[in-house]
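Subject: Structure for your review

Dear colleague,

My notes on two parts of the structure follow it.

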Amino acid sequence: MVTLLDTVGTKSPRHPEKAKRPDTEMLRKPDWIRVKAPGSAVYRETQQIVRENNLVTVCEEAGCPNIGECWSKKHATMMIMGEICTRACAFCNVRTGLPTALDPHEPENVAKAVEKLGLEHVVITSVDRDDLADGGAQHFADVIRAIRARNPRTTIEILTPDFLRKPGALESVVAAKPDVFNHNLETVPSKYLTVRPGARYFHSIRLLQRVKELDPQMFTKSGIMVGLGEERNEVLQLMDDLRVADVDFLTIGQYLQPTRKHHKVERFVTPEEFKSFATVAKTKGFLLVSSSPLTRSSHHAGEDFAALRKARQEKLGLA
């Protein structure tokens with residue numbers, strides 16, 4: 001007897017690894033988390049450019065609350081190497097599973113989209129690609145160089161995975177000379193097993209430190225979410241760890257739970273607490289700090305890059 005399975009038109013679940021997890025409580029969002037729904041004419045124009053160039057954006061895939069604001073300014077964070085991640089972080093809404101092959105036309109498509117959008121500053125991120133020998137490092141480098149060739153005046157910020165157990169990967173990305181190298185710690189080390197189980201906290205710290213060793217002039221950046229059950233003193237220690245690695249820019253934002261199957265929001269951190277984190281971080285020596293409930297790694301990235309350059313010049317007495 002043969003059983004035929006009709007798979008035409010079926011769609012795999014977005015988070016198969018989370019399907020059997022018990023539902024968690026989703027706390028009601030406070031007033032300071034509310035954002036306006038997208039829908040402006042410029043928003044739709046940005047959306048059309050993204051679609052026409054077959055691009056994936058982290059704005060959509062991760063369900064960013066700032067998409068309406070950013071796309072209405074023609075700011076979009078490009079997510080390269082597909083929309084399927086090889087890891088299953090408990091906080092993330094990006095699809096997980098077995099990724100598809102890399103698109104050889106993607107570097108040029110991204111470069112064309114940057115040109116059409118008229119971006120002065122662009123952010124490029126990616127899914128984790130543990131299935132690739134170099135974790136996708138060469139593809140990152142190809143995208144950076146394609147953008148440079150078509151948009152020589154555009155500054156480039158990258159938000160990379162950790163390239164865990166991928167010798168030589170980081171070096172090839174740094175050699176492509178992005179203006180800002182961002183790699184997010186996401187949370188404090190005590191939460192890694194439950195929030196970011198595929199990563200290693202001190203490997204991520206070392207990766208950021210290594211970027212500065214390879215290119216001392218390259219800006220480095222990292223970000224975390226709060227509201228995952230971390231203690232205040234853990235956040236302050238994380239700041240010290242990043243400063244030991246000579247990281248220039250720190251972002252701190254509120255974790256927002258995508259579904260009941262994801263890690264729960266333990267609490268909503270108040271705007272006053274975010275201001276306190278910013279004050280402490282500045283005293284620890286970061287050139288720039290963005291700390292607020294709706295802060296995200298790529299939010300206001302262009303304005304932040306200008307502020308970052310100015311802060312360095314002032315520190316060196318060149319302003």
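The buried residues of helix H9 are covered by, among others, helix H8 (201-214), strand S7 (219-226), strand S8 (249-254) and helix H10 (271-283). Please note that this is a predicted model.

H9 itself runs over residues 232-244, a total of 13 residues. From its first C-alpha to its last it reaches 19 Å, close to the 18 Å expected at 1.5 Å a residue. Its buried residues are Val 235, Leu 238, Met 239, Asp 241 and Leu 242. These residues lie on the same side of H9, because they cover an arc of only 160° around the axis. On the face turned away from that buried side, H9 carries the exposed residues Asn 233 and Val 244. Just after the helix, Asp 246 takes a positive phi of about 65°.

How many cavities of 30 Å³ or more does the structure hold? There is one, and the volume of the largest cavity is about 40 Å³.

The lining of the largest cavity consists of Arg 87, Asp 128, Arg 129, Asp 130, Gly 135, Pro 161, Asp 162, Phe 163, Leu 164 and Lys 166. Of these lining residues, six are charged, three are nonpolar and one is polar. The charged residues include Arg 87 and Lys 166, while Phe 163 and Leu 164 are among the nonpolar ones.

With kind regards

Conventions
Residues numbered from 1 in each chain as written. Predicted model: local features only at pLDDT ≥ 70, side-chain atom pairs only at ≥ 80, totals over all residues. Heavy atoms only, no water. Helix = DSSP H or I, 4+ residues; strand = E, 2+ residues; numbered from the N terminus. Expected span 1.5 Å × (residues − 1). Buried < 20%, exposed > 50% of the residue type's maximum accessible area, 1.4 Å probe, protein only. Arc of directions from axis to C-beta. Contact = heavy atoms within 4.5 Å. 1 Å grid on protein atoms, 1.4 Å probe; cavity = no way out; pocket = protein on both sides within 12 Å on 5 of 7 lines; lining within 4 Å. Points joined across faces, edges and corners; volume = space filled by probe spheres on them.
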